[in-house]
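Here is a protein to look through by question and answer. Please keep the structure in view while reading.

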Amino acid sequence: MATIVMTGGSSGFGAIAVRQIAASADPVIVGARCPSDVADSLDLARLDSVRGFAESVRQRLGDRSIHVLVLNAGLVRPDDTGRTPDGFETTFGVNHLAHYLLLRLLMPALADDAHVLLTTSGTHDPATGAALATPRHADADLLAHPDQDPGRHTTPKKAGEHAYTASKLCSVLTVRVLNADPEMRARGVAAVAFDPGQVFGTGLARDLSLPLRIAWKVLGTPIGAPLRRFTPTMNTPDAAGSALAGLVLGDITAPDGRTYAALRSGRLTWPDPSNLARDSELAQTLWADSARLVGLSR
Ligand SMILES: NC(=O)c1ccc[n+]([C@@H]2O[C@H](COP(=O)([O-])OP(=O)(O)OC[C@H]3O[C@@H](n4cnc5c(N)ncnc54)[C@H](OP(=O)(O)O)[C@@H]3O)[C@@H](O)[C@H]2O)c1
């Protein structure tokens, strides 16, 4: 049976995916802020917690390898003023830097032919026409310390959106570097960035304003169904969870050369990601700068 390590499996559509995966995997190690019988302690806002979780995963696995690593956790904030205990802007710290560190620490434990899935967002791509501020760059230092970004949005809401969409651009760029890495290629390791579309009704809006939280919740009920019919990017939590489970279990496989899976009208499609997300030099720079920020060598 496959061994699976996952973040973001404690709630939202990730929890739906875990329920579908559980019967076919042993173990599914979920990292979560609230540890339980089925989840080990992991707070992605703290790099020491990421290191501790990676160590506990290695101990639990012993001489077994990881077949699928799923980096699905994420958050959205109303602005870009939050800082992690390590001093990084919170959205970038949780969504990108912590996952980057976890990936680096667990790469040696990946099985040959392992799959790595990173949950991104279509909002990383201006072409999807999302209403959120689109990423202006993927400069790790400026994203970690947005007060030093000369192009920082002046409205807190737009700055928060930028932190989110840029962190999701970083997920796609990370997938790009992994798939180009000679050692990963030699071992048959393949990475995919998963865009679930707009999935109302999950917990993702929990830090946003009350009107946004209400709209998020209401659109996640059957009231949102007519809108979904006319908006291909809108999906239910069940559809997003099932698509993620399908990718994890290998029921859905990437067509040759495709590494970006976007859920549209409940079905996985394999478009190109954004122009910035296809910039290999940008991806390599992000990788190296992220390593420095989390205290690793390249
Ligand atoms: N919903 C959408 O429209 C949408 C669209 C595009 C992309 N996404 C992405 O899809 C993923 C799942 O989102 P969702 O909609 O299912 O949201 P959700 O219900 O808020 O789930 C987010 C998951 O991330 C975990 N998480 C957040 N902060 C964490 C931290 N500091 N340490 C450890 N775990 C943490 C949460 O854990 P807790 O259980 O402890 O809260 C939860 O399991 C995210 O990466 C999100 O950015 C969502």
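The questions below concern a predicted model, and they go from the whole protein to single residues.

Me: How many helices and strands does the protein have, and does its radius of gyration agree or disagree with that of a compact globule?
Reply: The protein has 10 helices and 8 strands. With 298 residues, a compact globule would have a radius of gyration near 19 Å. The protein has 18 Å, so the two agree.

Me: Of the contacts between residues at least 6 apart in sequence, what percentage join residues at least 24 apart?
Reply: The C-alpha atoms fill a box of roughly 50 × 45 × 40 Å along the principal axes, and 48% of the 298 residues count as buried. Among the contacts between residues at least 6 apart in sequence, the share that joins residues at least 24 apart is 71%.

Me: Which strands stand at the edges of the open sheet?
Reply: The open sheet has 8 strands in the order E3-E2-E1-E4-E5-E6-E7-E8, with mixed pairing. Two of its strands have a single partner strand each, so one side of each is left without a neighbour in the sheet. On average, neighbouring strands are turned by 25 degrees against each other, direction ignored. The edge strands are E3 (39–41) and E8 (267–269).

Me: Which residue in E7 stands opposite Asp195?
Reply: Strand E6 (residues 190–195) and strand E7 (residues 260–264) run parallel and are joined by 3 bridges. Opposite Asp195, the residue in E7 is Ala262.

Me: What angle does the direction of helix H9 make with that of E7?
Reply: Helix H5 (residues 156–180) packs on the sheet, where it touches E5 (110–119), E6 and E7, and its direction makes about 165 degrees with that of E6. Helix H9 (residues 237–249) also packs on the sheet. Helix H9 touches E1 (2–7), E4 (66–71), E5, E6, E7 and E8, and the angle between its direction and that of E7 is about 150 degrees.

Me: Which helix gives the largest share of the shell around the ligand?
Reply: There are 27 residues around the ligand, and Gly12, Ala73, Gly74, Thr202 and Gly203 come nearest. The shell divides into 12 nonpolar, 13 polar and 2 charged residues. Its largest share, 3 residues, comes from helix H1 (residues 12–21).

Me: Does Asp43 count as buried, partly exposed or exposed?
Reply: Asp43 lies in the loop between E3 and helix H2 (47–61). Leaving aside residues up to four places away in sequence, Asp43 touches Arg33 and Ser49. A residue is buried with 20 or more C-beta neighbours within 10 Å and exposed with 12 or fewer. Asp43 has 19 inside 10 Å, so it counts as partly exposed.

Me: Asp113 and Ser265 each have a positive phi; which of them is exposed?
Reply: Most residues other than glycine have a negative phi. Asp113, in strand E5, has a phi of about 65 degrees, and Ser265, in the loop between E7 and E8, has one of about 50 degrees. Ser265 has 15 other C-beta atoms within 10 Å, so Ser265 is partly exposed. With 11 such atoms, the exposed residue is Asp113.

Key. Residues numbered from 1 in each chain as written. Predicted model: local features only at pLDDT ≥ 70, side-chain atom pairs only at ≥ 80, totals over all residues. Pairing = 2+ DSSP bridges. Helix = DSSP H or I, 4+ residues; strand = E, 2+ residues; numbered from the N terminus. Axes fitted to C-alpha atoms, helices over the stretch in contact; angles between N-to-C directions. Contact = placed C-beta atoms within 7 Å. Near = placed C-beta within 6 Å. Nonpolar A, V, L, I, M, F, W, Y, C, P; charged D, E, K, R; others polar. Rg over C-alpha atoms; globule rule 2.2 N^0.38 Å.
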